[in-house]
Amino acid sequence: WQRRPFSRGPGTHWVESFEKAREEGSGSGTWRGRWRRRSVISFGSKNRTIGVAAKNQQITHANNTVSNFKRFHGRAFGDPFIQKEKENLSYDLVPLKNGGVGIKVMYMDEEHLFSVEQITAMLLTKLKETAENNLKKPVTDCVISVLGTAFDPFLGGKNFDEKLVEYFCAEFKTKYKLDAKSKIRALLRLYQECEKLKKLMSSNSTDLPLNIECFMNDKDVSGKMNRSQFEELCAELLQKIEVPLHLLLEQTQLKVEDVSAVEIVGGATRIPAVKERIAKFFGKDISTTLNADEAVARGCALQCAILSPAFKVREFSVTDAVPFPISLVWNHDSEDTEGVHEVFSRNHPAPFSKVLTFLRRGPFELEAFYSDPQGVPYPEAKIGRFVVQNVSAQKDGEKSRVKVKVRVNTHGIFTISTASMVEKVPAEENEGSSVEADMECLNQRPPENSDTDKNVQQDNSEAGTQPQVQTDGQQTSQSPPSPELTSEENKIPDADKANEKKVDQPPEAKKPKIKVVNVELPIEANLVWQLGKDLLNMYIETEGKMIMQDKLEKERNDAKNAVEEYVYEFRDKLCGPYEKFICEQDHQNFLRLLTETEDWLYEEGEDQAKQAYVDKLQELMKIGTPVKVRFQEAEERPKMFEELGQRLQHYAKIAADFRNKDEKYNHIDESEMKKVEKSVNEVMEWMNNVMNAQAKRSLDQDPVVRAQEIKAKIKELNNTCEPVVTQPKPKIESPKLERTPNGPNIDRKEQDLEGKNNFGAEPPHQNGECYPNEKSSVNMDLD
């Protein structure tokens, strides 16, 4: 932690450590240190600090920081697990109206009660915001890892930490007469130090120290531990490692020899004793090629790429599974007995849909539950109740066939998605009819249905269900059953048989044609722990308001930080580079104002409105900005003058060369060059004047000329002179034709070609003379 001023009433003094500062004062000082990602949500005075917390965030705002809340989902407040965990939490757990777990915190200077679902939504909202800021793109979908197959929710890194905490709590009570559990801040600090110690013991087998300064009552505490002692403490946990491994092989129907490689992930797998147990179970060395902390996140990223249309990945598929078997139970129409059927077995592929057919005369209820309550890591085995409504008997009094589609969707959530009733209605004369291949099954418990694409049929004397199983491979709802049905007795006879008429018998009466239609039925769903629509909408509205408040609070904090940064920046620079650019009196007055502003920030200005910080910054900038400008101008002005001088010399030299009749510039009109000379003289005079005036000014006075003005003069000079001095010379075209003395004009190139190519041609005469061989021409045949 960096040493920073800590305010405690009037004046400012320095402290060596964060803990001493906290013990000495109100904790309102500003501290900077290393930051790390944590699954915590801290509620400050007004805003929510979510996802990222300071190293000691849980200690400084212990009562208002929520952490380790993931395992509270799906549990009632009266659950023994909740009651046990409640004792070790820094924040308050309270029961909600629906019996769930509520979390009490201070927000906006008022006491608020949030559900576990709301806290989780806050965390996900922050993670989404963080991802969008890094990706520079909006995030609409995500993949969240969920433990599956075989696991123990009470066998993780936190459980190993707890063993160390219990040990040192007992030791400190005996050695120092300190009860760490009586003070939540001390207990949280002990948890942090024990976690560090656990990690160090994974790479060191010797005795390692544990030291905490100002632990409680201004007392420092210390202890030590080695790997052997740690393994003895955690013997019970280490024995539990093999249980999920046995379950894993049992569920996957594999043997140890069938496993070719074992990769371990998760931070706790770095503990040597854990590695040894896993390696011993499988009888082979375990692999650690993946980063144990990042492996799951990388898997999620891969699944995101597979699901995203924007990425192309190698052929690779992941099949999700239903971790716990799910069954349905219902009441018969005529009896008090119940029908039960397991619709999804353990590790059944997901997403998946199945269609079940019931024979009913009225509305009926289906209840979904986990078939193996002991195998579910939560005390509640019920999933929900579903009432299929608007069911009625057929017009002839027969039971109606009701088709119910049960589904586990891509998120692993079970639901009854649709229900429809088959209803017989008279068909029009010109309407055809079709036969549906769907078979009825009666009201008794059917055998377990297969997971193939075949229809499974069971005929019994009593009413029951006949599940029709169909794989939903595209993660979409299964196609609805055939919309029409005609009974076998009412099938249309073959055409040739229909045309046959017996003379000795009267014509048969025509049977009425019947068609069937599927009538969609409403379903009333009551899922355990599912939020009602009204409550969900209220939560969404509340979250929206908090997001807006967070935005306003961020702007307020940014304004406050801007004042603090301005104070520290100018305090440092006034004793450094800015010192020469402010007079002594103003220097003392400004330093005094900066100190007063700093004191105000840490006292009554600790929690002010955004505008108060904006006004305070403006007050400082009225004095500080001119000083900063004078410093910047002193840095930039010589460079601009140098550049202007170089341009003036350049154009003055060209004008002098022109006067000296330099052939490079003899094509330029004299009046144009006079414009260049005039501009050079005027700008040179201006530069000399302002440089002389500036030389008379002291550094703590505003400059006579600014760098921007000099830059404008350079541009003006270039605009006037550059088009003149860069005029290209006019091109002089050489004559292409030559006149011969004895003939017409001849193109020289053409003449040369004729001389080279026409061997038998007469050579031209020059000055009245002829060539020696002009008497005769030689004709040559060329091969």
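The buried residues of helix α10 (residues 272-282) are covered by elements that include α5 (157-175), α7 (227-233), α8 (235-239) and α9, where helices (H or I, at least four residues) and strands (E, at least two) are DSSP runs numbered from the N terminus. These buried positions are P272, A273, V274, I278, F281 and F282, buried being taken as under 20% relative accessible area, exposed as over 50% and partly exposed as in between, with a 1.4 Å probe and protein chains only. The model is predicted, so that local features need pLDDT of at least 70 and side-chain atom pairs count only at pLDDT 80 or more, whereas totals for chains, interfaces and linings use all residues. Residues are numbered from 1 along each chain as its sequence is written, and side-chain values use heavy atoms, with hydrogens and water left out.

The axes of α9 (residues 242-252) and α10 come within 10 Å and cross at roughly 35 degrees, axes being lines fitted to C-alpha atoms, for helices over the stretch in contact, with angles from 0 to 180 degrees between N-to-C directions. This crossing is right-handed, a term applied if the near helix is turned clockwise from the far one by less than a right angle, with left-handed used if anticlockwise. On the α9 side E242, L245, H246 and L249 take part, and they meet I278, F281 and F282 of α10, contact meaning heavy atoms within 4.5 Å. The residues of this contact comprise five nonpolar, one polar and one charged, with Ala, Val, Leu, Ile, Met, Phe, Trp, Tyr, Cys and Pro counted as nonpolar, Asp, Glu, Lys and Arg as charged, and the others, Gly among them, as polar. Just after α10, G283 adopts a positive phi of about 70 degrees.

Helix α5 also packs against helix α6 (residues 184-201), the two axes coming within 9 Å and crossing at roughly 115 degrees, again in a right-handed crossing. Residues of α5 in this contact include F160, L164, F168 and F172, while those of α6 include L187, L190, C194 and M201. The contact as a whole divides into twelve nonpolar, one polar and four charged residues.

Three cavities of 30 Å³ or more are present in the structure; on a 1 Å grid over the protein atoms alone, a cavity is a set of points where a 1.4 Å probe fits but cannot get out, and lining residues have an atom within 4 Å of a point. The largest has a volume of about 100 Å³, and of its 14 lining residues N98, G100, V101, E117 and W529 lie nearest its centre. Its lining has seven nonpolar, five polar and two charged residues. The second largest cavity holds about 50 Å³ of space, and its lining includes F581, R630, E633, A634 and R637. Helix α15 (residues 610-659) contributes the largest share of that lining, namely four residues.

Helix α15 also carries I623, which counts as partly exposed because its relative accessibility is 34%. Leaving aside neighbours within four places in sequence, I623 is in contact with F590 and L593, and its C-alpha atom is separated by 9.7 Å from that of I582, 41 residues apart along the chain.

Over the whole protein there are 18 helices and 24 strands, and buried residues make up 34% of the 783 residues. Of the contacts with a separation of 6 or more, 65% are accounted for by residues 24 or more positions apart.

Note on methods
On a 1 Å grid over the protein atoms alone, a cavity is a set of points where a 1.4 Å probe fits but cannot get out, and a pocket is an open set with protein on both sides within 12 Å along at least five of seven lines; lining residues have an atom within 4 Å of a point. Grid points are joined across faces, edges and corners, and a volume is the space filled by probe spheres set on the points.
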